[in-house]
Amino acid sequence: MMKYTKENFIFLVGGIIIYVVDIGVDLWVASRYFYQGQYTWAILIISFRCLSSLVTQIFSYQWFKNDCEGPDPEKLKWIFLVHFFHCGIFIRYWFALKYGCQAAFKQKSSGDVSETDHPNFIQKQAIDVMTDINMLRIFKTFLETTPQLFVQIYVLMEHNNHNFSQYAAIIMSFCGISFSTVDYQISLRKSLPDKDRFHVLSKLVYLFYKLLTITSWILSISLVTLLSARSSVILLILLWSCGFAWTLKQHTTFCKSKEMEYLYRTVVGIILLFTFFNIKGRKTKVPISVYYATHTLVTVGILLVYWVWKPSVVKEIHFTVVGILTILSLVLGIIFLVVYYRLFHPTVYCKQQTRFDEVDTEARDNVEAGRFQNFIMQ
């Protein structure tokens, strides 16, 4: 297991700041929409926030409940109340700051120290808490941040009354996606014992791969919505159904209860609307190729529909800019994807089978199970 470093602690603090600022920006943008009489957009912004918060609180509480050693009704009651008021993530951030500070700045020698103060124990606690937070932030990113980014971009494309709050919301959405995806990948790398660090170049390549492909897809969906909101909804429901069916076929085993497992599969289906994740740790070459080939065909199809059915719109300068950005971000995103999987993916330089290997999972049956082992991977 790799060590928890000062860099990880800095990323943690940055993530907390962005999380808090993001809440303020959401309320600010929603209030402006209400003030302007654009109630639909305001309700959507708040709905995405409430949905992601509800899902993350449910999973966070279940993890606390599973981690409790022995029955402790009073402790569980307190934990339930904290999560009921949607503050569970802040408790996790508190523990992350506590253990992270100790692991990164206050390590002791392993001589005369108690078991709970042992450097290895502190390191494990810091990494475990950070991993749980990053899994919850992945939920938030694709249940709230990415859909909100779609709403903001659609509003900018549909209306001419741009304002600073909209640009601030878009910037915060991109920052949220950036931090959550990179932090998640760092957690994944730290859970792989026999490999190199996730270097700066690896982080940048991975970040650009995710951001560019997600941006291209959001622009594509925005164009569909401009053409026909009903068509956009039908397309998203169809794609979600395909993603959900894939999770059912993969027989995911992330949760202990059947009800939570179906909730997890539902959420993963939503995540797969926006980006690819390996949900079972198996070979990804065929699924990821099919996934992005489908996105490419849909994107090209959308642009062709505009070219045939809306030639007057195609001549407008804003459509030309959006079309170029859509294609350019898709092409660059796929290039970064290929570079990442060819040069920086863990299986490129980690040839030995590990408990989290994403290419061949036969060796995983004989290792100790954990939450992250069965979570979506890359």
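Analyst: Start with the rule for helix axes. Axes are lines fitted to C-alpha atoms, for helices over the stretch in contact, and angles run from 0 to 180 degrees between N-to-C directions. This is a predicted model: local features need pLDDT of at least 70, side-chain atom pairs count only at pLDDT 80 or more, and totals for chains, interfaces and linings use all residues. Residues are numbered from 1 along each chain as its sequence is written, and side-chain values use heavy atoms, without hydrogens and water.

User: Why is H7 called oblique to H8?

Analyst: The axes of H7 and H8 cross at roughly 135 degrees and come within 7 Å. Angles under 35 degrees count as roughly parallel, over 145 as roughly antiparallel, 65 to 115 as roughly perpendicular and the rest as oblique. The angle of roughly 135 degrees therefore makes H7 oblique to H8.

User: Which residues make that contact?

Analyst: Contact means heavy atoms within 4.5 Å. H7 brings Trp217, Ile221, Val224 and Thr225. H8 brings Ala229, Ser231, Ser232, Leu235, Leu236 and Leu239. By class, the contact of H7 with H8 has 7 nonpolar, 3 polar and no charged residues.

User: What makes something a helix here, and how many helices does the chain have?

Analyst: Helices (H or I, at least four residues) and strands (E, at least two) are DSSP runs, numbered from the N terminus. The chain comes to 13 helices and 0 strands.

User: Why is tyrosine 184 called buried?

Analyst: Buried means under 20% relative accessible area, exposed over 50%, partly exposed in between (1.4 Å probe, protein chains only). Tyrosine 184 has 0%, so the label is buried. Tyrosine 184 sits in helix H6 (residues 164–190). The C-alpha atom of tyrosine 184 is 8.9 Å from that of isoleucine 133, 51 residues apart along the chain. Across the chain, buried residues make up 51% of the 378 residues.

User: What makes a space a cavity, and what makes it a pocket?

Analyst: On a 1 Å grid over the protein atoms alone, a cavity is a set of points where a 1.4 Å probe fits but cannot get out. A pocket is an open set with protein on both sides within 12 Å along at least five of seven lines. Lining residues have an atom within 4 Å of a point. Grid points are joined across faces, edges and corners, and a volume is the space filled by probe spheres set on the points. The count comes to 4 cavities of 30 Å³ or more.

User: What lines the largest cavity?

Analyst: The largest cavity holds about 110 Å³. Its lining includes Asp22, Arg137, Lys140 and Met172. H1 (6–35), H5 and H6 each give two or more residues. The lining divides into 3 nonpolar, 5 polar and 3 charged residues.

User: Which element gives the largest share of the second largest cavity's lining?

Analyst: H2, with 4 residues. Among the lining residues are Arg49, Ser52, Ser53 and Thr56. The volume of the second largest cavity is about 70 Å³.

User: How many charged residues line the second largest pocket?

Analyst: None: the lining of the second largest pocket has 21 nonpolar, 2 polar and no charged residues. Of its 23 lining residues, Phe48, Pro147, Phe150, Leu236 and Phe274 lie nearest the centre. The pocket's volume is about 550 Å³.

Note on methods:
Nonpolar A, V, L, I, M, F, W, Y, C, P; charged D, E, K, R; others polar.
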